Every structure is written in C-alpha cells, then in structure tokens.
Amino acid sequence: MSRQVLEPSTSHPITTEPTAGHVVVRTPAGVVLADTTNALAMHEADYPVVQYVPLADVDTSLLEPTDTATYCPFKGDASYSRLAAEPERGDVMWTYPRPHPAMTAIADHVAFYPDQVQVSVVSS
C-alpha cells in the first residue's frame, strides 16, 4: 500500500526561506551542537517556525540515531537522533533524508526539538 503524498497548498501552506541570522543549537549542558548562517526557516500552516540546519553544520559526533521513524505526507519519511551523552532525553533531532519533491529544500538539513535543546537565532 502506497502512502499518501500531499503538496503544500492554501489550506496547508509550507514555505522555506533562508533564516535572517545566525542559528546556534546547544545541548542542555551548553555544548554547541550546531552553528550556522545557512539555516532555513520553515513556515508550515499555523505551526511555530522550525529552523532546518544544514547537516554539514551539525556536530554529529554528539548524536546517535534512534529507532523512531515517522511519516509526513507533505515531507516524507523522517528519522531521529538523540544526544549520545544523554540518551534518556530521547529524540532531540529529526531529518527527512529523502524529502518529497515539493520539499527538496530541506534535503541534507536537520531540525531540533526546542524543548530538548536550545535553538537560538541571532539576527544579523
């Protein structure tokens, strides 16, 4: 059975644009997990804006994959990671390794749960 694939629309808009500023993601202990001036701000329907950080700007040595997997009909299959030093914290990051065609801008990008890590945007 194939999964439903949906396109952003006026009833469920999704847009991405370069973040106007510098994004820094820190672990609860204050360790820099990601640091970039190349983040993308995703505006989806009435959800809070999500910062998608290029994977190349993430210290992946601080993360380990989890078994969590979800599916979004707009974006595709997501995989998740947790902090290697704090596995009890659970998932802190997600990514869409092969996003649907309408969402290719977020390929090779990751997003973080702001209730698990500190995501700061400093305006330039």
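The radius of gyration of the protein, taken over C-alpha atoms, is 14 Å, which agrees with the value near 14 Å that a compact globule of 124 residues would have (the globule rule being 2.2 Å times the number of residues to the power 0.38). This is a predicted model, in which local features need pLDDT of at least 70 and side-chain atom pairs count only at pLDDT 80 or more, while totals for chains, interfaces and linings use all residues. Residues are numbered from 1 along each chain as its sequence is written, and side-chain values use heavy atoms, with hydrogens and water left out.

The protein has ten strands and zero helices (DSSP runs, E of at least two residues for strands and H or I of at least four for helices, numbered from the N terminus). Buried residues, those under 20% relative accessible area with a 1.4 Å probe and protein chains only, make up 39% of the 124 residues.

| Pair | N to O distance |
|---|---|
| D77 and R3 | 2.2 Å |
| K75 and E44 | 2.9 Å |
| E64 and R82 | 2.7 Å |

K75 and E44 are joined by a salt bridge. K75 lies in the loop between β6 (63-72) and β7, and E44 in strand β4 (residues 40-44), so the pair ties together parts that are 31 residues apart in sequence. K75 is buried at 6% relative accessibility, and E44 is buried at 10%.

Note on methods. Buried means under 20% relative accessible area, exposed over 50%, partly exposed in between (1.4 Å probe, protein chains only). A salt bridge is a side-chain nitrogen of Lys or Arg within 4 Å of a carboxyl oxygen of Asp or Glu.
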